[in-house]
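Take a look at the structure below. Let us walk through some of its packing, one chain at a time.

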Amino acid sequence: MSTPRHDLLRIALFVLAVGLVPVFSNSGVVLNFTMTALYACLIAQAWNILGGYGGQFSFGHALFFGTGAYAHAIAQMQWGLNPWLSLPLAMGMALAVGACVGAASFRYGLKGSYFALVTLAFAEVFRIVATSVPFTGAGVGLMLPLRESAANMQFASRAGYVWLVLGLVTLALLVTAWLRHSRFGACLQAVRDNEDAARAVGVDPLRVKLLATLLSAALMGAAGAFYVQVFQYIDPGIAYGPHTSVEALVGAIVGGMGTLWGPVLGALGLHLLADLTRNLFGQLPGINMVIYGAVLVLIVMFLPRGIAGLGQFTWRQGLGSGRPPSGGKEPS
Amino acid sequence: MSTGQALLDIRQLHKSFGGLKAVQDVSLQVMPGQLSALIGPNGAGKTTLFALMSGFLRPDRGQVVFDGQDITAQAPERNARLGLTRTFQIVQPFAAQTVRENIAVGAHLHLASRAQALAQAEAVAQQVGLAPQLDKLAGELTVAGRKRLELARALATRPRLLLLDEVLAGLNPQEIAEMIPVVQGIVRSGVTVLMIEHVMQAVMGLASQVWVLAQGQLIAQGTPAEVTSHPAVVEAYLGHGTAERLRQRAAGAAPHATGAGAAA
């Protein structure tokens, strides 16, 4: 078990290393790759908070992503809000949606596949609503006007976006590090591993799961806002479609759920793989989803604890502390 | 014993599952500072009664009063905060976490600081003899180790009443002999303990008060000696007509038949 200082030190090193990339390179390819990979890290880490540490597998994290994206776009276009102000607003809106969906699902004790289905259904409902109501631009979507300036969160070079998303990733990493070394995190992991046992020692599962949902949703909302800011366009398919949900959960699962660096590794690895295959197969639309699916199957079969679990596994073996845990009792 | 206020007061509890009456009209009072035991054959409803007391199940009828406060059907997490904690017969470790982290979850009930909770976990592990295993994963412990962990995690919540569900079950005689002083130590430290035991012999030397449950009903209560010589108890364990036969044999020549109750 690493200490809080350990985790913070590693996060600082990570931020420093990645933050220096735009300083040493102004190649569009490198910056673009860094930015999109960091964005993938952000959504994987957001999912990891609820899925990895809370054991609540959401199949509809696009729900929070899309809500953040629309809130961010609408606040700027309709109300003329500065994007630096609408970013927290977007996070707040995603958080509010998280509160409603979380309260409804956990209040009625939905777990496992039921929770997964409910989140999936909610995301679909939001997608359909977004296609039909006028203030989201319906099927046409919303186009953010181009007004390039740092004050307007529209940067001349990709470097600005790299630093922006790096800031959000850092926030996600800090939240995760806090989960690893706090009372709340201990309670959350206890509920994940065995809800009845947690209740017997005084943990309120409803409260704990709901709070984790809020954290996860807010970060996902930030990712949505970031997306809109970079691509300056959002429509119901992008916002609430399954693509983002899948990318978030695959990144976290492949990398290693319930670890600090797993989702970062997973998102990065998948991103490399997707880029590589895109070069091999040309612009075959949706080829990255095929890859994600294949990798997910392989990882679940052969590395159930993800890439991060690989390191832990060999380390434990090296210590000779016997066979790795098979998990004992499966969390229900 | 003085007739002070009971720490836990169960009044006419009823619970049925479909047609099965798991607990019928059970009333009992647990006095503070004591170690008492609830015994009975398999399927007697002991664990159901525990679940009703701790809030995991809602009784059909009846009342659960803890320290003068009505806690009937109150959620287990709230009961834990009041000082009523249970363990599980089928141990429920947080398997992917270390022993230290497991116990710390219990300690967090009253301690917000992670460092303090981890320190408290170490102290509790010492108390139940788990100190050498602190950094092992809970899933790697032996059955005896897991029973201790179950106990430790509950103890870390600083309970006033500890409900122990068969902490001795599945242990070998050697392990039982090691576990008994641990339980006694807990009582000495001021925690009231109510334990479920299927193995009668184990609790005979421990408990000051024993209730016997059979087919959902209380059939006897009293000191261990009183209970084991009770005809209804002997029959519940050994079958209908046994008490009569034993008495006849005892009247004949055999020294004492009460020990037969322990054979179950």
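What follows covers a pair of helices in chain A and then a sheet in chain B. Keep in mind that this is a predicted model.

Start with the helices. Two packed helices are described by the angle between their axes and the distance between the axes. In chain A, take helix 3 (residues 28-51) and helix 7 (residues 158-180). Their axes come within 9 Å and cross at roughly 25 degrees. Angles under 35 degrees count as roughly parallel, so helix 3 of chain A is roughly parallel to helix 7 of chain A. The crossing of these two helices is left-handed. What kinds of residues make up the contact of helix 3 with helix 7 in chain A? There are 19 nonpolar, 6 polar and 1 charged.

Now turn to chain B. Here 6 strands form an open sheet with mixed pairing. The strand order is 6-7-8-3-9-10. Strand 6 (84-86) and strand 10 (217-222) of chain B stand at the edges. Each has a single partner strand, so one side of each is left without a neighbour in the sheet. From one strand to the next, the twist averages 15 degrees.

Look inside the sheet next. Strand 3 (residues 35-39) and strand 9 (residues 209-214) of chain B pair in the parallel sense, over 4 bridges. Leu38(B) has Trp211(B) in strand 9 as its bridge partner.

Helices lie across this sheet. Helix 1 (residues 46-54) of chain B lies across strands including strand 7 (161-165) and strand 8 (192-197). Helix 1 runs at about 150 degrees to strand 7 of chain B. Helix 9 (residues 231-238) of chain B lies across strand 9 and strand 10. Helix 9 runs at about 130 degrees to strand 10 of chain B.

Terms used. Residues are numbered from 1 along each chain as its sequence is written. Chains are lettered from A and ligands numbered from 1 in the order in which they are written. This is a predicted model: local features need pLDDT of at least 70, side-chain atom pairs count only at pLDDT 80 or more; totals for chains, interfaces and linings use all residues. Axes are lines fitted to C-alpha atoms, for helices over the stretch in contact, and angles run from 0 to 180 degrees between N-to-C directions. Angles under 35 degrees count as roughly parallel, over 145 as roughly antiparallel, 65 to 115 as roughly perpendicular and the rest as oblique. A crossing is left-handed if the near helix is turned anticlockwise from the far one by less than a right angle, and right-handed if clockwise. Ala, Val, Leu, Ile, Met, Phe, Trp, Tyr, Cys and Pro count as nonpolar, Asp, Glu, Lys and Arg as charged, and the others, Gly among them, as polar. Two strands pair if DSSP finds at least two bridges between them. Two residues are in contact if their C-beta atoms, placed from the backbone, lie within 7 Å.
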